[in-house]
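Keep the structure open beside the text as you read.

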Amino acid sequence: MERSRRSFLKILGISTLGLGTLSSVDLLAKAGMGKAEFAPDPKGMTGKRWALVVDVKKLDEDTTQKAIEACHLIHNVPDYGDEDNEEIKWIWTDKYEHAFPGTEHEYLAAEIEEKPFLLLCNHCANPPCVRVCPTQATWQREDGIVMMDQHRCIGCRYCMAACPFGARSFNWKDPRTTYFKDKEPPNPKYPTRTKGVVEKCNLCAERLAVGEMPACVEAVQDSKAIVFGDLEDPHSEVREVLHEHFAIRRKPELGTNPNVYYIV
Amino acid sequence: MYNKGLVITGIVIFVVFFTSPFLIGLVKSGPPPEPELSPKAKLAKQCVEAKEYMVESHMQMLNDWRNEAVREGKRIYVATDGKEYTVSLQNTCMDCHSNKSKFCDQCHNYAAVNPYCWECHIAPKEKL
Amino acid sequence: MLETALKGSKKYWILIGVLFGLHGMGATAFLYQLSKGLTVTGMSRDVSWGIYIAQFTFLVGVAASAVMVVLPYYLHNVKEFGKITILGEFLAVAAVNMCLMFILVDLGKPMRMLNVILHPTPNSILFWDMVVLNGYLFLNIIIGWMVLSAERKEVEPPKWVKPLIYLSIPWAVSIHTVTAFLYAGLPGRHFWLTAIMAARFLASAFAAGPALLILLCLIVRKVSKFDPGKEAIQKVANIVVYAMIISIFFVVLEIFTAFYSQIPGHMHGFVYTFVGLHGHGNLVPWTWAFAVMAVLATLMLLCPPLRKNEKTLAISCLLVFFSLWIEKGITLVITGFIPNPFDTITEYVPTLPEIAITIGVWATGFLILTILYKIAVSVKEEIAS
């Protein structure tokens, strides 16, 4: 009994392995079907280092609201208010002392102290969030955008711990069954997210891909409160604006090399 | 064999339990799925690729679409017949197959698969 | 050998039953969390890691403590530890299992956990954490099982086990170091941004883990015929006291750098946790409980009569374990998020479902521990007779 049981198990093992290999060879053969190709949209904007320059002097309640609404509506961002601190925000406002903590002092210029600063993901050139993501669900594109792939995110929230700017939000609950339970998502052409994944500003990558400006930039284009462009293009608008005006970035000492500049 | 009676009885019960879905299926089976094409899909006559390929491999194709569009930034698909499509489940596939409950769900429900695509991707509103 | 876990006294089966019941409660709460999302916990946009990750952090330390009996026995021939290396290794197995469970219940999409293997990312410390934790789990399961079954058959274990044992020694150090690196490399979290984070983890691990091992040895001696040995327990107690002294010293070093430099970013975390910051201070009582228990335990352990008396030793070990459970398993992780990147404060309080799941994971770990210890003790009793 001992001998034959051992050989029985051996045969079982080998045949399982054999069957397994056969079926996977079959699958591999099918995967290479067709001569289909993928290509980028020729209308799409290309750049090497996308950046935003926010002219703080042009910001007020009205302008900032326009920018935030434009972004949150086209991306179906749910508005939970601030209940339980589970809000989801891709772009929002805060005061100077919270946007640039550690640099504030008792005698701040009144104008700066009251201004609503527009805050969002900085799409850093040296992003710590990308460094820590265990599945590359967030990665840095060649044009500098720090992108999110919600299909791959496992919801570990390591990127949220790593981001020094608090730019990332997590879906603690399912937006479809809570915020969007009785109302339609405002943009039927863009997905919502589901519970368990992280989200943040994606610099409107889907709009850039068809040649459109980021929504927040377009929303304030009359006042040019936000300017968008390629930092590596010496003739871009962002380079011109930065050449003429002094601008600061959030927490530059951390070395993340943010690509959102603020003209103060 | 040690405890022969118990062991054989156990094996028989296990085999019956394990094959019960198939045994029950022999006796009473539900109707095969009948996915209904929407008017727009009927007009188009041809999907992005051939019907047989789509039936067999649309899951793999959607995975490829996802990786190419989201991760590689390539949002145009050049099909084997040369036609170009925007790579988007929500805006291309569902634009034509706008009747999810009469099309997509028919086979999915029959095969008892629950793809989670529509947890995020918005399915077009259907007239009830 | 597994069959030895299927025979036991009434007390054994009652313990198994209670632990299984608590496991079931945790599993039910976890199903609730899966259906509603992590909103059922007390975590928030600002405090995005809570007690799940904090408890995992503490348990990594407990897991690594096996090395504190393995190293002296196999490298330096400290014969007294010969009887208890198996207890250390099985404790490591139970502890690493708890670590992995805590990570799993914290994930937003646990069904996607294999993505970490399907898309390996060597620049991510979480990837390496997965590698070293699983590696350490398999090492200890294999080593423990092989050595114990060889002992039962009264032969030497196969030759290939020895290199694995030697490997488990630096591997134990690596599981902490990697876990500490999760925290110590994040540019925005000043409370964690310290070079001695890994050293602090190691020191507190080598106090908490062996303290638990002593308690388990005392229990084993009471409920079975296997005696781990008074000498072995005393030697482990020596390790605990040295590790506690170094642990407390490291915390003092941190406090000095923070407060002598007067840099706000460095100070804020400690101010929050010890006295409260801007009117928020729900961790303050916990922090002082840790401090008082840690100092008291160290003083008791330093006093030879109190250390040699196994009753007072048990109390010291309980104090060590709970004080470090608070420091590594609660205050360290939560305080890292306070204040937030905007310099405001959002506090964290775990919810009932969160606590239920946490208790469930601990119960599952202790269930594994009970079964493994039953096997080990049964084998030891068998060969003694």
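Two strands count as paired here if DSSP finds at least two bridges between them. With that in hand, look at B:Ile76, which stands opposite B:Thr86 in strand E2 of chain B. The two strands involved, E1(B) and E2(B), pair in the antiparallel sense over three bridges. Please bear in mind throughout that this is a predicted model.

Where does this pairing lead? Strand E1 of chain A, residues 37-39, also pairs with E1(B), again in the antiparallel sense and over three bridges. One of the facing pairs is A:Glu37 and B:Val78, the latter in E1(B). Put together, these strands form an open sheet of three, in the order E1(A)-E1(B)-E2(B), with antiparallel pairing. Its edges are E1 of chain A and E2 (84-86) of chain B, each of which pairs on one side only. On average, neighbouring strands of the sheet are turned by 30° against each other, direction ignored. As a reminder, strands of a sheet pair through backbone hydrogen bonds, either parallel or antiparallel.

Now widen the view to the contact between chains B and A, to which each of the two chains brings 24 residues. On the chain B side, helix H3 (51-71), strand E1 (76-78), helix H4 (89-96) and helix H6 (117-120) each supply at least two residues. H3(B) gives the most to this side, with seven residues. Sorted by class, the side of chain B that touches chain A holds nine nonpolar, seven polar and eight charged residues.

Which two chains share the most contacts? Of the two pairs of chains in contact, the answer is A and C. Here 35 residues of chain C are in contact with 42 residues of chain A. From chain C, helix H5 (115-118), helix H6 (125-152) and helix H10 (264-274) each supply at least two residues of the side that touches chain A. H6(C) gives the most to that side, with three residues. By class, the chain C residues that touch chain A divide into 13 nonpolar, 15 polar and seven charged. Chains B and C, for their part, are joined by no contact, and their closest C-alpha atoms lie 12 Å apart.

Chain A has another piece of strand pairing to look at. Its strand E3 (residues 91-94) and E4(A) pair in the antiparallel sense over four bridges, and A:Trp92 has A:Leu119 of E4(A) as its bridge partner. In a regular strand the side chains alternate between the two faces of the sheet. Along E4 (residues 117-120) of chain A, A:Phe117 and A:Leu119 point one way while A:Leu118 and A:Leu120 point the other way, and all are buried.

Finally, turn to helix H4 (residues 85-106) of chain C. Its 22 residues should span 32 Å at 1.5 Å a residue, and its end C-alpha atoms are 32 Å apart, so the two values agree. H4(C) is mostly covered, with 20 of its 22 residues buried. The largest nonpolar core has 187 residues, of which C:Ala63, C:Cys99, C:Val240 and C:Val320 touch the most other members. H4(C) gives the most to this core, with 15 residues. Leaving aside neighbours within four places in sequence, C:Ala63 is in contact with C:Ala92, C:Ala95, C:Val96, C:Cys99, C:Tyr136 and C:Ile175. Apart from this core lies another, of seven residues, among them B:Trp65, B:Ala69, B:Val70 and B:Tyr77.

Conventions: Residues are numbered from 1 along each chain as its sequence is written. Chains are lettered from A and ligands numbered from 1 in the order in which they are written. This is a predicted model: local features need pLDDT of at least 70, side-chain atom pairs count only at pLDDT 80 or more; totals for chains, interfaces and linings use all residues. Two residues are in contact if their C-beta atoms, placed from the backbone, lie within 7 Å. A residue is buried if 20 or more other C-beta atoms lie within 10 Å of its own, exposed if 12 or fewer, and partly exposed in between; C-beta atoms are placed from the backbone. Ala, Val, Leu, Ile, Met, Phe, Trp, Tyr, Cys and Pro count as nonpolar, Asp, Glu, Lys and Arg as charged, and the others, Gly among them, as polar. The expected span of a helix is 1.5 Å times one less than its number of residues. Axes are lines fitted to C-alpha atoms, for helices over the stretch in contact, and angles run from 0 to 180 degrees between N-to-C directions. A nonpolar core is a set of buried Ala, Val, Leu, Ile, Met, Phe, Trp, Tyr and Cys residues joined through C-beta atoms within 7 Å.
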